[in-house]
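Here is a quick tour for anyone meeting this structure for the first time. Have a look at it, then read on.

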Amino acid sequence: MSKNLVKQGAEARIYTTSFLTRTAIAKERFKKAYRHPTLDKKLTDRRLVQEARCLVKCRSIGIDAPAVYFVDLENRTIYMEYIEGKTVNDLLADGSKITAEESDELARKIGEALAKMHAAEMIHGDLTTSNLLIRDANNSLAIIDFGLSFITTCSIEDKAVDLYVLERTFLSTHPHAHHLFLTMLKVYGESYDSGNSITGKEKKYGWLG
Amino acid sequence: MKPNNVLIALGLEGSANKLGVGVISHDVSTGAVEILSNIRHTHITPPGTGFLPRDTAAHHREHILPVLTEALKVAGVETEDIDVICYTKGPGMGAPLISVAVVARTLSLLWNKPLVGVNHCVGHIEMGRQVTGADNPVVLYVSGGNTQVIAYAEQRYRIFGETLDIAVGNCLDRFARVLNLPNDPSPGYNIEQFAKRGEKFIELPYTVKGMDVSFSGILSYIESIAPDLLSRNECTPEDLCFSLQETLFAMLVETTERAMAHIGSKEVLIVGGVGCNLRLQSMMAQMAEQRGGKVFATDERYCIDNGIMIAHAGLLAFRSGYTTPLEESTCTQRYNIKRCGPGFPKYL
């Protein structure tokens with residue numbers, strides 16, 4: 001089975017490969033040389049399982065996310081669906097032509113998906129515009145990279161931080177598209193029971209604390 | 001008389017249990033920096049105890065004049081050669097900070113020299129950059145009172161991650177008290193020596209939240225299991241120190257790595273008292289190596305609180321035109337590095 005390296009992050013390497021004839025993504029968490037082996041194994045196993053669990057949960061409640069094909073604990077790898085599409089980061093990149101209508105539509109999709117995810121008590125942990133994809137096939141918004149995700153018990157705080165992390169990406173990478181984030185927050189607040197209290201909390205964060 | 005292109009600063013530090021006085025010179029035309037003296041006196045308490053603000057302030061008051069005299073003597077400078085007097089404005093313990101600031105103000109009036117109040121964290125970072133030559137690193141600032149992952153962007157120090165409760169050094173120091181390890185030279189140093197002989201890894205909680213960390217739960221847990229494990233001979237104090245260090249430092253390295261990946265930096269600088277721990281330095285080096293990056297660290301002269309870093313950061317601020325008027329020469333226990341910003345970038 002041939003593997004092509006797509007990306008190397010802080011925790012894992014992402015490859016494209018094939019899985020039972022389908023094109024797939026293999027996400028392999030690598031060993032951290034600095035970490036005690038016992039601790040390293042415990043953390044990697046826990047996060048691997050957590051990621052697979054969140055992906056499956058997303059699919060089961062109707063949030064678009066990569067389908068999990070196989071979890072290989074031994075080799076610290078998750079095989080999942082390869083999604084053909086563009087990241088929101090690409091869509092908002094300088095020089096891209098996005099109309100006001102398209103921008104509102106994108107904001108609505110993101111807001112609704114995140115509200116649904118948070119309503120299910122799932123925290124993504126690393127929301128950035130690179131982790132949001134628009135599928136080429138049906139223009140559906142897919143959320144990817146649940147590597148730092150977890151299921152929260154009750155916390156408004158965790159959800160607000162989740163949104164705040166996304167806002168920081170907008171501020172640093174897409175300052176011209178901040179209105180999109182604000183529209184997204186509005187949609188989020190409306191489509192989720194405790195949404196408005198979370199967006200209220202989110203606004204309290206900020207670079208200057 | 002010194003040449004005109006040379007500026008000399010006196011720095012006074014006493015935000016915690018270390019009292020330090022240093023003298024530094026900057027050659028404005030060549031950019032050369034010379035450390036003329038760096039004298040320190042530490043308030044050491046008996047094993048099993050920590051240091052209290054009142055006693056620490058008393059220690060500083062008792063020792064400041066001899067330490068100051070020695071620093072000037074070693075530096076070999078006359079009072080008229082000094083251009084600016086720098087003191088720690090904060091963050092730190094109130095009483096010790098004030099006891100040293102009083103001396104700085106008095107000298108300023110006595111010798112008719114300008115004052116600069118310096119942020120303690122900025123002192124650590126700027127001194128670290130100076131000593132190691134790191135250009136624009138991700139900084140891990142770890143000490144008894146602080147745990148932060150910091151990088152400099154757009155005219156401000158930005159905090160990417162920090163502790164949600166106690167500092168990593170505080171966690172180590174308090175565990176040293178449980179084991180009754182001596183506070184001489186420092187509890188953290190003695191934990192490090194014990195950890196070198198540890199073999200068995202005891203699993204402890206591991207609490208990383210994004211780029212933030214939390215230590216209080218780990219401390220409670222190890223405090224609660226330690227007496228029992230030790231009395232049943234299931235492990236040694238060395239094993240506990242080893243496991244605690246491995247766990248805490250893995251958390252620090254992980255969050256630092258995430259910050260590096262986030263901002264695309266290849267350099268990491270470790271500053272603060274815990275930064276002289278060689279195990280932390282080597283773990284950080286292994287991480288950096290896996291990423292094709294580089295670690296910068298300093299030894300105890302600069303990692304542990306000292307006067308020279310206050311003199312250095314203060315002199316940088318002074319050179320950019322900043323001074324602290326006498327009536328504003330206060331101290332503040334909470335002085336977040338986030339507030340060090342525009343107008344006097346980096347150096348407030």
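B:Val142 is buried, because 30 other C-beta atoms lie within 10 Å, and a residue counts as buried from 20 or more. Keep in mind that this is a predicted model. B:Val142 sits in strand E6 of chain B, residues 138-142. Leaving aside its neighbours within four places in sequence, its contacts include B:Thr147, B:Val168, B:Gly169 and B:Leu252.

What about B:Gly144, buried or exposed? B:Gly144 is buried, with 27 other C-beta atoms within 10 Å. You'll find B:Gly144 in the loop between E6 and strand E7 (147-153) of chain B. Not counting residues up to four places away in sequence, B:Gly144 touches B:Gly169 and B:Asp173, among others.

Here are the two side by side:

| Residue | Where | Other C-beta atoms within 10 Å |
|---|---|---|
| B:Val142 | strand E6 (residues 138-142) | 30 C-beta atoms |
| B:Gly144 | loop between E6 and strand E7 (147-153) | 27 C-beta atoms |

UniProt, in an unreviewed entry, places the feature "binding site" at several residues, including B:Val142, B:Gly144 and B:Asp173.

Now for where the chains meet. 16 residues of chain B are in contact with 15 residues of chain A. On the chain B side, H7(B) gives the largest share, seven residues. By class, that side has seven nonpolar, four polar and five charged residues.

Chain A itself is divided into domain 1 (4-81) and domain 2 (85-204). Their C-alpha centres lie 22 Å apart. 14 residues of domain 1 of chain A are in contact with 14 residues of domain 2 of chain A. Helix H1 (residues 37-60) of chain A gives the most to the domain 1 side, with seven residues.

How values were computed. Residues are numbered from 1 along each chain as its sequence is written. Chains are lettered from A and ligands numbered from 1 in the order in which they are written. This is a predicted model: local features need pLDDT of at least 70, side-chain atom pairs count only at pLDDT 80 or more; totals for chains, interfaces and linings use all residues. Two residues are in contact if their C-beta atoms, placed from the backbone, lie within 7 Å. Helices (H or I, at least four residues) and strands (E, at least two) are DSSP runs, numbered from the N terminus. Ala, Val, Leu, Ile, Met, Phe, Trp, Tyr, Cys and Pro count as nonpolar, Asp, Glu, Lys and Arg as charged, and the others, Gly among them, as polar. Domain bounds come from an automatic or database domain assignment. UniProt positions are given in the numbering used here, feature names are shortened, and annotations may be inferred rather than shown by experiment. A residue is buried if 20 or more other C-beta atoms lie within 10 Å of its own, exposed if 12 or fewer, and partly exposed in between; C-beta atoms are placed from the backbone.
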